[in-house]
Amino acid sequence: MPARILDGKAIADELLAEVRGRVAARTGAGKMAPGLAVVLVGENAASQIYVRNKRRTTDVVGMRAFAHDLPATVAEAQLLARIDELNADPAVNGILVQLPLPKQIRIERVIERIDPRKDVDGFHPYNIGRLALKVPTLRPCTPYGCMRLLAATGEDLVGKHAVVIGQSNIVGRPMALELLMARCTVTVCHSATRDLPGIVRQGDIVVAAVGKANFVQGDWIKPGAIVIDVGINRDPGGKLCGDVDFQAAKERAAWITPVPGGVGPMTIATLLANTLRATELQETGEE
């Protein structure tokens with residue numbers, strides 16, 4: 001039987017409806033709507049699309065969106081100064097700096113400059129550290145979205161062998177921490193992994209985040225596995241595709257995410273859920 005499709009758009013819409021309702025309750029009680037500042041550096045076409053979608057969805061849930069578009073030639077010091085301004089602005093509850101950044105800017109310095117209480121991407125070492133200690137506050141959006149997709153299957157994750165392909169700071173590493181927190185047994189694979197197909201075939205859960213079109217072959221997938229495809233690529237014909245050979249993998253998996261329409265919508269939804277949570281934490285002074 002072909003895999004059941006994990007409809008990320010439908011699940012994201014449910015989360016966004018929940019966020020929208022809570023924002024409406026806040027504003028109805030006389031509180032300020034959460035404010036999200038999105039910083040875009042340069043004119044990367046993909047980044048512009050992502051940012052446009054984030055700003056539009058921010059409006060849809062009743063939050064305030066603050067646009068900060070800077071030229072690709074901006075100096076690192078200027079970007080850091082802008083972040084300092086946003087950190088100090090009480091109207092801004094969440095700060096997102098869209099990646100990638102131009103070569104003259106060190107990503108680590110930018111991430112660490114954001115106030116961890118406003119780090120709605122969840123990349124600050126403080127927030128990653130809390131995730132590692134199993135006391136998460138603001139969780140990295142894409143892995144957190146993947147966990148909500150896994151929850152939507154209704155399957156008990158405890159004790160399952162999860163294989164994460166990719167070890168980036170944005171997806172692979174925090175994804176492994178999320179799965180560990182769910183009490184999975186976790187294997188993280190990377191470019192030096194030996195017998196990658198053999199390891200993937202052991203996975204009850206496979207999370208592909210390698211950034212290569214159709215890299216994971218269908219016969220790598222264990223029958224009955226849950227497949228979460230984080231990749232967004234274009235095949236030789238220019239069509240959007242993931243890191244997993246979807247057509248072949250769906251014949252073996254029990255559940256699978258499509259590309260597009262799987263993980264992508266969840267990332268934006270969890271970003272706004274993080275923005276609301278950041279707002280609430282700032283009001284209460286909780287860590």
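Q: Which residues does Ala-278 contact, once its neighbours within four places in sequence are left aside?
A: In this predicted model, those partners are Asn-93, Arg-117, Val-120 and Leu-138. Contact here requires heavy atoms within 4.5 Å. Ala-278 itself is found in helix α10.

Q: Why is Ala-278 called buried?
A: Its relative accessible area is 0%, and buried means under 20%, so Ala-278 is buried.

Q: How far is Ala-278 from Ala-10, in sequence and in space?
A: The two are 268 residues apart along the sequence, with 24 Å between their C-alpha atoms.

Q: What makes Glu-85 count as exposed?
A: Glu-85 has 51% relative accessibility. The term exposed applies over 50%, so Glu-85 qualifies. This residue sits in helix α3, residues 76-88. Its C-alpha atom is 42 Å from that of Thr-185, which is 100 residues away along the chain.

Q: Why is α1 described as roughly parallel to α10?
A: The axes of α1 (residues 8-28) and α10 (residues 263-284) cross at roughly 25° and come within 8 Å. Angles under 35 degrees count as roughly parallel, so α1 and α10 fall in that class. The crossing in which α1 passes α10 is left-handed.

Q: Which residues of α1 and α10 meet?
A: On the α1 side they are Gly-8, Lys-9, Ile-11, Ala-12, Leu-15, Leu-16, Val-19, Arg-22, Val-23 and Arg-26. The α10 side supplies Pro-265, Met-266, Ala-269, Thr-270, Leu-272, Ala-273, Leu-276, Thr-279, Glu-280 and Glu-283. Sorted by class, this contact of α1 with α10 comprises 12 nonpolar, 3 polar and 5 charged residues.

Q: What makes β3 and β4 the edge strands of their sheet?
A: The open sheet has 3 strands in the order β3-β2-β4, with parallel pairing. Both β3 (64-70) and β4 (94-97) pair on one side only. From one strand to the next, the twist averages 15°.

Q: Why is β2 described as mostly covered?
A: Of its 7 residues, 7 are buried, and that term means under 20% relative accessible area, so the description holds for β2. Gly-35, Ala-37, Val-39 and Val-41 point one way from the strand, while Leu-36, Val-38 and Leu-40 point the other way; all of them are buried.

Q: Why do β1 and β6 stand at the edges of their sheet?
A: That open sheet has 6 strands, ordered β1-β11-β8-β7-β5-β6, and its pairing is parallel. β1 (4-5) and β6 (185-189) each have a single partner strand, so one side of each lacks a neighbour in the sheet.

Q: How do you know that β1 and β11 pair?
A: β1 is joined to strand β11 (residues 255-256) by 2 bridges. The requirement is at least two, so the pair meets it. The two strands run parallel, and Ile-5 stands opposite Ile-256 in β11.

Notes. Residues numbered from 1 in each chain as written. Predicted model: local features only at pLDDT ≥ 70, side-chain atom pairs only at ≥ 80, totals over all residues. Heavy atoms only, no water. Axes fitted to C-alpha atoms, helices over the stretch in contact; angles between N-to-C directions. Helix = DSSP H or I, 4+ residues; strand = E, 2+ residues; numbered from the N terminus. Parallel < 35°, antiparallel > 145°, perpendicular 65-115°, else oblique. Left-handed = near helix turned anticlockwise from the far one by under 90°. Nonpolar A, V, L, I, M, F, W, Y, C, P; charged D, E, K, R; others polar. Buried < 20%, exposed > 50% of the residue type's maximum accessible area, 1.4 Å probe, protein only.
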